[in-house]
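Work through the exercises below with the sequence and the model in view. Try each task before reading its solution.

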Amino acid sequence: MGASKTDFFTEEQNELALLFKALANPARVAIVEYLLKVDTCICNDIVEELPLAQPTISQHLKELKQAGLIKGTVEGKSICYCVDKETLQKMENYFSKMRIHLQSKCC
């Protein structure tokens with residue numbers, strides 16, 4: 001069997017691609033922004049904040065969690081979500097490297 005397309009790239013490149021793919025939806029960007037604003041929340045709070053149905057938000061939360069952008073803990077019958085700070089740090093480091101590289105280049 002042949003190599004998958006991800007085999008040709010580093011682990012970091014593949015991980016970053018998954019993170020950016022998860023953020024390539026405005027609803028998911030809005031969810032992450034909301035979680036950053038409130039620091040933690042319960043899924044029903046997000047439903048009240050965004051103009052989307054609860055099942056749609058649940059699917060977006062699932063995608064964000066699978067990508068590692070958010071974490072969720074069960075509290076009774078609810079799940080409390082928060083942004084994964086380590087993942088945000090990886091993204092920040094990536095953009096910081098780009099910014100440093102661009103400062104020394106002219107285009």
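**Exercise 1.** Against which helices do the buried residues of α1 pack?

Solution. The model is predicted, so local features need pLDDT of at least 70 and side-chain atom pairs count only at pLDDT 80 or more, while totals for chains, interfaces and linings use all residues. Residues are numbered from 1 along each chain as its sequence is written, and side-chain values use heavy atoms, without hydrogens and water. Helices (H or I, at least four residues) and strands (E, at least two) are DSSP runs, numbered from the N terminus. Buried means under 20% relative accessible area, with a 1.4 Å probe and protein chains only. In α1, the buried residues are Asn14, Leu16, Leu19 and Ala22. They pack against α2 (26-38), α4 (54-67) and α5 (85-103).

**Exercise 2.** Check the span of helix α1 (residues 11-22).

Solution. The expected span is 1.5 Å times one less than the number of residues.

**Exercise 3.** Which residues have the most contacts inside the largest nonpolar core?

Solution. Such a core is a set of buried Ala, Val, Leu, Ile, Met, Phe, Trp, Tyr and Cys residues joined through side-chain atoms within 4.5 Å. The largest one has 19 residues, and Ile31, Leu35, Ile46 and Leu61 have the most contacts inside it. Helix α2 gives the most to this core, with four residues.

**Exercise 4.** Is Leu61 buried or exposed?

Solution. Leu61 lies in helix α4. Its relative accessible area is 0%, so Leu61 is buried.

Methods:
Buried means under 20% relative accessible area, exposed over 50%, partly exposed in between (1.4 Å probe, protein chains only). Contact means heavy atoms within 4.5 Å.
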